[in-house]
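Here are some notes for someone opening this model for the first time.

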Amino acid sequence: MSILADTCAKVCVQGITGRDGSFHAAQMTAYGTVVVGGTRPGKGGTEHEGFAVYDTVAGCRAATGANTSVIYVPAGGAVDAMYEAIEAGIELVVCITEGVPANDMIGVVGALRGRPTRLVGPNCPGVISPGKAKVGIIPGSIATPGPVGVVSRSGTLTYEVVHELTRHGLGQSTCVGIGGDPVPGMNFLDVLRLFRDDPETRLVVIIGEIGGSDEQIAADYVRDELDKPAVAFVAGRTAPPGKRMGHAGAIISGGEGTAEEKVAAFEAAGVPVGMSPRAVAELAHDRLARG
Amino acid sequence: MKIHEYQAKSIFRNAGIPVPDGKVAATPDGAVAVGAELGLPVAVKAQVLVGGRGKAGGIKLAGTEAELRRAASDILEMRIKELPVRNVLIERTADIARELYLSVALDRAAREPLLLASGLGGVDIEEAARTCPGAIERVRIDPAFGLRAYTAWPALTRVLGGPELVGQAVAIATAVHKLFMELDCSLVEVNPLVVTSDGRLVALDAKILLDDNALFRHPDLAAMRDPDADDPRETDANEHDLSFVALTGDIGCIVNGAGLAMATMDLVKHAGGQPANFLDVGGSSRPEKVLHAMRIILSDPDVKVILLNIFGGITRCDDIARGLIEARRTLGARVPVVARLTGTNEAEARELLASTELLSSDTMEGAVELAVRLARGEAA
């Protein structure tokens, strides 16, 4: 098994005629993921680089049975794209787009309540279940199937950690990049709950960063409910307060969100924290070897 | 993005939130003229985008024209935490009976806004939250409902200790929430919200933080950006789609991705070095971005070595290598460069760099350790 995306995924690419959308539609197909088509309002009924184009997500779903969508549209249209996929009843929506206003995300998260859709992102690299499916932009070459679940607020840092895990002989069940924004669709807790119920996942790697308190909540969950070992990394130990470090969410404000607080929370919950991506892989390796 | 108190108060005034009568002035003469218009005594408040201006002497009371002139002149000559004071806000003083706290902020864990209110106004609310958490009322705001009078009423009654002024407090709270949503704020804070001796609630201070991601639909607010608040190199970097934060060390860092950039800085520090900056070149690998990144980093005379850490996904390592070679050609070789390029097209990148004097390493740890040694003046 795996979580969120597997061989049953039928992917609709929202914004498939754009530069990123068409490039990654091809990349996902090359990885073996079933991309059933994409959307571009006004271009419905045409083809783009071999993919069927629909005006709407609902139209794509009706014609193809799409159950997953991935959004590459620019920031100005990303919020509508998320609402559209939710209203069309898509099960997994991955929003790659960055620069989405936080208040708009409060509305989107509200729209998710009581609906079957799970949203990953925005401002995220997406989901990969190695050997099964990739939805997003995580390079397929660095991942390999195995027992480690990865959840991360970062992009390239995720790649670095996954790369190290693979080099240490530790494959992954699913890697989920939830994104670096203050109001994400799924947060650590939402993803950890899925990893708990996934029999293939034997250990979870949590990659956090400064800002917010999602790591502290994740640490409590690991201690009280996960039933599986976890290893963590926290980026931003050297970040100065009050400065936005690239990610909209990565800012230390007041007493909330420092790396020290997060590391302490993980350690208090029995979750070892690595100083580098390689150290995280070594910790994961040791922990799994102990059984 | 932060805006000044006088700007936030002007927004408050238009939203119907009571603020003291006042005007901004850029010179002592201007301050005296405002004082004559308002009537003395007045408060003279430095307009800078950092906290702690009261402790730094940036807020003074003036009862006479001479005091006002001196206070304005003193404050306008100050630098508070490195920032120049370009304006002072002159305000009619209030007769304060009590100081309260009120704000609407984003509750990231709940993914919705939150109303915070407390009878402990005028103090550091984060400190109060730690030492006396029971003294802060937290009212969750369901986005489907917004902040309604009936939601705010019970908590504000407790904060005020009785029903007399609650109507005013509720009106202020709902107006603050409306601003939070309509202007796309990450924080709207009134600290202190004062109760005057004649029973009026007045916002004595005003703080608004804006969501940078939403500024595109608020050009009027975007125009309030104060260039003094940003390091000129940060502004330069922003213009070239680079995310940059200046730090005080001697190892210049160029990384793709914010998380990896922070992790690289952390590893530099762990290895005994000091990062000179945070720099995320972003997902695109246009060679000129590397050139701008190198130029901005090299403008810091303290930088002794440049560390490049690239994990190519969308970013192609050979593009980065080309940008690096071009930057070397145009900017010179004042400091050594350690490059670690892995991922998409890394073999091509290695080939390009093999014939140069640029140092490389296959791993993040190796590159960091080499950069730290070079910064200490040790041989590679």
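Predicted model: local features only at pLDDT ≥ 70, side-chain atom pairs only at ≥ 80, totals over all residues.

1. Where do the domains of chain A run? Domain 1 covers 1-122, and domain 2 covers 138-291. Taken over C-alpha atoms, the centres of the two domains of chain A are 25 Å apart.

2. Chain A as a whole has nine helices and 13 strands. Its radius of gyration is 18 Å, close to the 19 Å that the globule rule gives for 291 residues, so chain A is as compact as a globular protein of that length. The C-alpha trace of chain A spans about 55 × 40 × 35 Å along its principal axes.

3. Two figures describe the packing of chain A. Of its 291 residues, 60% are buried. Among contacts in chain A between residues at least 6 apart in sequence, 72% join residues at least 24 apart.

4. One helix pair in chain A can be examined in detail. The axes of α7 (residues 214-226) of chain A and α8 (residues 259-268) of chain A come within 8 Å and cross at roughly 5°. Angles under 35 degrees count as roughly parallel, and α7(A) and α8(A) are therefore roughly parallel to each other.

5. Which residues of α7(A) and α8(A) meet? From α7(A) they are E215(A), Q216(A) and A219(A), and from α8(A) they are E261(A), K262(A), A265(A) and F266(A). The residues of this contact divide into three nonpolar, one polar and three charged.

6. How many residues does each chain bring to the contact between chain A and chain B? Chain A brings 43 residues and chain B brings 43 residues. On the chain B side, β8 (112-118), α4 (125-131), β13 (243-246), α9 (258-270), β15 (277-280) and α13 (364-375) of chain B each supply at least two residues. The largest share of that side, 11 residues, comes from α9(B). By class, the side of chain B that touches chain A has 21 nonpolar, 10 polar and 12 charged residues.

Terms used. Residues numbered from 1 in each chain as written. Chains lettered and ligands numbered in written order. Axes fitted to C-alpha atoms, helices over the stretch in contact; angles between N-to-C directions. Helix = DSSP H or I, 4+ residues; strand = E, 2+ residues; numbered from the N terminus. Parallel < 35°, antiparallel > 145°, perpendicular 65-115°, else oblique. Contact = placed C-beta atoms within 7 Å. Nonpolar A, V, L, I, M, F, W, Y, C, P; charged D, E, K, R; others polar. Rg over C-alpha atoms; globule rule 2.2 N^0.38 Å. Buried ≥ 20, exposed ≤ 12 C-beta atoms within 10 Å, placed from the backbone. Domains from an automatic or database assignment.
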